Amino acid sequence: MLLVTTVLSLAVAIVMTGVAWRLARDEQRRSDTRVADLAADLYHDDSPAPVPINELFAPDAQPRTKGSLVNALAIGVVVVGSLIALLVLFTSGTSERPGTPVVKASSDLPATAPAALELTALAHDRAGNELTVRGLVRNPSGGASIGGLMAGVSVFNRQGDLVASGRALIERPSLEAGVESRFVVRIADAGDVYRYRVSFTVDNRAVAHVDRRDRIATVQLP
């Protein structure tokens, strides 16, 4: 667009320069005609006037011609300069200024985070050194369908060290929006257990969840 505007501006400038030069040339011709008429009035037909007339008026005609050409060129320069100034003004007005907010394309905008899962129930059983954790997880009504969701349990001792962990798929192969599913995770060799924590993953990627129970999802064992 900028290139097209520049070419059009130069074309207009050239045309205007040609018009100005032609006007100056016509004015010079009219001036020469007036000079010739004045010379005819000053001398009679039988007087030796041709040579003195030429010598008298010729020096004045040459400067007028040069001045006319200079004026035509000056007009052209003014026209070109004006067009360039307008072009710079309009193009700079549309350029990005510091502090101006830039709207990104939709493909560059960050994707909306999926709705967090809801942990609605949680319980556990102990049989010797084995710990079994059961619960209910729900996909909220605004959530997307999730397939291959796994429940994970991390077990910690009194010092806060991780001593064991386990994972298992939830009962439903696909958790649709607004649907709830059970999960059961069994962990062997969990004799030294003080508390455990529940989490959810899909393809080893963590899935956010919120605890909708009366207690938090990190459960302390009696």
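Me: Buried means under 20% relative accessible area, exposed over 50%, and partly exposed in between, with a 1.4 Å probe and protein chains only as cover. Is T201 buried or exposed?

Reply: This is a predicted model, in which local features need pLDDT of at least 70 and side-chain atom pairs count only at pLDDT 80 or more, while totals for chains, interfaces and linings use all residues. Residues are numbered from 1 along each chain as its sequence is written, and side-chain values use heavy atoms, with hydrogens and water left out. T201 lies in strand β8, residues 195-202, where strands (E, at least two residues) and helices (H or I, at least four) are DSSP runs numbered from the N terminus. Because its relative accessibility is 15%, T201 counts as buried.

Me: Which residues does T201 touch, not counting residues up to four places away in sequence?

Reply: Contact here means heavy atoms within 4.5 Å. On that criterion, and with residues up to four places away in sequence left out, T201 touches G148, L149, M150, R167, A206 and V207.

Me: How far apart in space are M150 and R167, C-alpha to C-alpha?

Reply: M150 lies in strand β4, residues 150-156, and its contacts, leaving aside neighbours within four places in sequence, include R167, A168 and T201. M150 and R167 are 17 residues apart in sequence, yet their C-alpha to C-alpha distance is 6.5 Å.

Me: Which residues make up the covered face of strand β7?

Reply: In a regular strand the side chains alternate between the two faces of the sheet. Strand β7, residues 180-187, has an uncovered face made of E180, R182, V184 and R186. The covered face of β7 consists of S181, F183, V185 and I187.

Me: How many bridges join strand β2 to β7?

Reply: Two strands pair if DSSP finds at least two bridges between them. Strand β2, residues 130-138, runs antiparallel to β7, and R134 stands opposite V184 in β7. The number of bridges that join β2 to β7 is 8.

Me: How many nonpolar residues does the lining of the largest pocket have?

Reply: On a 1 Å grid over the protein atoms alone, a pocket is an open set of points where a 1.4 Å probe fits, with protein on both sides within 12 Å along at least five of seven lines, and lining residues have an atom within 4 Å of a point. The lining includes P114, N139, I146 and V207. Ala, Val, Leu, Ile, Met, Phe, Trp, Tyr, Cys and Pro count as nonpolar, Asp, Glu, Lys and Arg as charged, and the others, Gly among them, as polar. By class, the lining has no charged residues, 2 polar ones, and a nonpolar count of 9.
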